[in-house]
Amino acid sequence: MKIRSTDIEDHALLGDLETAALVGRDGSVDWLCLPRFDSPAAFAALHGGPGRGFWRLAPRDADECAYRAYRADTLVLDTVWETPDGAVRITDFMPPRATRPCLVRRVEGMRGAVPVRGVLRLRFHHGRIVPWLRQVGPCTVAVAGPDAVWARIDGPGSETLDPATGTSTVDVTVTAGQSCAVTLVWAPSHLTEPPAELAVPAQTLLKETVEFWRRWAARCTYEGPWRPAVIRSLLTWKALTHAPTGAVLSAPTAWIPYGPGGEPGGDGRVCRLDGLGQGLATLLRCGLRAEATAWVEWLLRTVAGDPAALRSTYGIAGERGLLGPEPPRLDAYGEVLDALHLALRARLPVVRLGSGRLAAELTRAVEGAWREEGPGVSVRADVLAWAALDRGERIARLLGGPGATEPGLRAALRHRVESGEAHGLPDPAHLLLPRLGLLPATHPRVRAALDGLPRQPAPRVADALLRARVLAGAGREAEAAAVFARVLDARDDVGLLAERWDPRTGDRLGDAPATASHLALVDTALALTPRVRPAQHATADRSTIPESP
């Protein structure tokens, strides 16, 4: 079944720092991989409709909620439903992982008496396996192969099981002030006792989850006019980090169409090196040193052993070969050495552990790779090969060692880029030049890229925001602010951005939410804050819903 591009737009993100769920405006959890981000999905309706597994909780006969929003500075989602019988609030969240993944859905009456129905239909292995469903004391458990999911009702509610279809249905009528919750926990199927998380009241889990996210958000040092949007983007980024390893996923989703014509995408549940240096700088400017350190630690472990065979994409634990055989990528060398140089300058505690040797090996490797394959390949290859050699030399100086390469190639690469010797036409890679320190934003080569590139039907959000930052650096603040405003308007109703967008329609395309898009939003807010007066842009975040006690 073809996925409509609008499907991804209707979904909000929940996460526990090891996996993530997507819940739609219709109250259906349509995507959840268990127990890890890159595990097979147990709910995969996002890809093939209800038959692939979902968990819907909503008033009976209601199609779509009235409105929804995250609680301020959290990843706790409140959804309000208005019906002829009254109104209810459904609160969805995933407590930060302690032992096992846990998803809690709590319904609370606001007005009247509203009949609510929950339909839980698990389908393990990306919707292919119907589990064995049975009752174990007060719990329902679904088992298939290595996976088991336990569910328990906290409050009034009646449950009906249909083992033939592997479906659990819960019905409850809530009145004003009354609440009922269902907690779902994954566990290995060989464990026979209910997980301990099921014994904790949902209200306790909610309180702890709200406090966790608000403590984390308070660490962000950005205080500019776009703080609500910045915090929402940083929370989204944090939710897509893997706490045990420090890895940063590109997105929680996979195989989402990325173009207006429905071109198929790949698996977003991987860790890409593209934008690593800039992302690290953004975290440090926001005061998030612990997260920056964890990211660099992941990087050092991941490229260890064979740094000369650097890849552009790795798995959460540093797995290689996820996309099959991949030749060495010059841009990957530039990204890694840029990140290592930045980490050294920031005095992060991990970088002296072998970082000098690693930098020297990478620098020598990129010189050899460029001489073999780089000349004439692309502007991006030239730019990031120069960045790799430049950062390698700077790292050697910082650590008091000799340079790893001769300066001749670096000077030749700079001349090729600046003069347009090999690539005379404007190229998107020219917009990287100011950040990397190769050319200023006012240079003719950069100006040509700002004004002369053809419009793309489905540009990356991160690329649009890079353009805004370069415009600001060139003194064109009003144009930069206009681009930024358009991207802010392209967020969904809860402030999330996809990997790509269609500027004509505002449709969000590709995997979502995308960490690159959200870090680029933060970086652009940092770049524009001292340049643009508060009156020139909107400061408000998406709508919020008054919280229950």
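**Notes on the model**

1. Trp-237 and Trp-295 are both buried, where buried means under 20% relative accessible area, exposed over 50%, and partly exposed in between (1.4 Å probe, protein chains only). Before going further, please keep in mind that this is a predicted model, in which local features need pLDDT of at least 70 and side-chain atom pairs count only at pLDDT 80 or more, while totals for chains, interfaces and linings use all residues. Residues are numbered from 1 along each chain as its sequence is written, and side-chain values use heavy atoms, with hydrogens and water left out.

2. Now to the aromatic pairs. Rings of Phe, Tyr and Trp (its six-membered ring) pair if their centres lie within 6.5 Å; planes under 30 degrees apart count as stacked, over 60 as edge-to-face, and the rest as tilted. This rule gives 4 aromatic pairs. One of them joins Phe-212 and Trp-213, edge-to-face, at 5.1 Å centre to centre and with 85 degrees between the planes. Phe-212 counts as partly exposed because its relative accessibility is 22%, whereas Trp-213, at 1%, counts as buried. Trp-237 and Trp-295 form a tilted pair, 6.0 Å centre to centre with 55 degrees between the planes. That pair links distant parts of the chain, with Trp-237 in helix α5 and Trp-295 in helix α7, 58 residues apart. Helices (H or I, at least four residues) and strands (E, at least two) are DSSP runs, numbered from the N terminus.

3. Helix α6 is worth a look next. How many of the 10 residues in α6 are buried? The helix, residues 276-285, is mostly covered, with 9 of the 10 buried. Among them are Leu-276, Leu-280, Leu-283 and Leu-284, and also Gly-277 and Gly-279. The cover over these buried residues includes α5 (227-239), α7 (289-303), α8 (330-345), α12 (433-436), α14 (461-473) and α16 (515-528), with contact taken as heavy atoms within 4.5 Å. After α6 comes Gly-287, which has a positive phi near 80 degrees.

4. Please also check how α10 packs on α11. Two packed helices are described by the angle between their axes and the distance between the axes. Here the axes of α10 (residues 379-398) and α11 (residues 407-419) come within 9 Å and cross at roughly 145 degrees. Axes are lines fitted to C-alpha atoms, for helices over the stretch in contact, and angles run from 0 to 180 degrees between N-to-C directions. The crossing of α10 and α11 is left-handed, that is, the near helix is turned anticlockwise from the far one by less than a right angle. On the α10 side the residues in contact include Trp-386, Leu-389 and Asp-390, and on the α11 side they include Leu-413, Arg-414 and Val-417. By class, the contact of α10 with α11 has 7 nonpolar, no polar and 6 charged residues. Ala, Val, Leu, Ile, Met, Phe, Trp, Tyr, Cys and Pro count as nonpolar, Asp, Glu, Lys and Arg as charged, and the others, Gly among them, as polar.

5. On the strands: β11 (residues 139-144) and β12 (residues 147-154) pair in the antiparallel sense over 6 bridges, and two strands pair if DSSP finds at least two bridges between them. Val-143 stands opposite Ala-148 in β12. The two strands form a hairpin with 2 residues between them, and Gly-145 in the turn has a positive phi of about 60 degrees. β12 also pairs with β15 (residues 179-188), antiparallel over 8 bridges, where Leu-184 is the bridge partner of Ala-151.

6. Which peptide bonds are cis? One runs from Leu-34 to Pro-35, with omega near 5 degrees, and Pro-35 lies in the loop between β3 (28-33) and β4 (41-43). Another joins Ala-512 and Pro-513, with omega about -15 degrees. His-126, although not a glycine, has a positive phi of about 55 degrees; His-126 sits in helix α3 (residues 124-127) and counts as buried at 14% relative accessibility. Arg-347, also not a glycine, has a positive phi of about 60 degrees, and counts as exposed at 72% relative accessibility.
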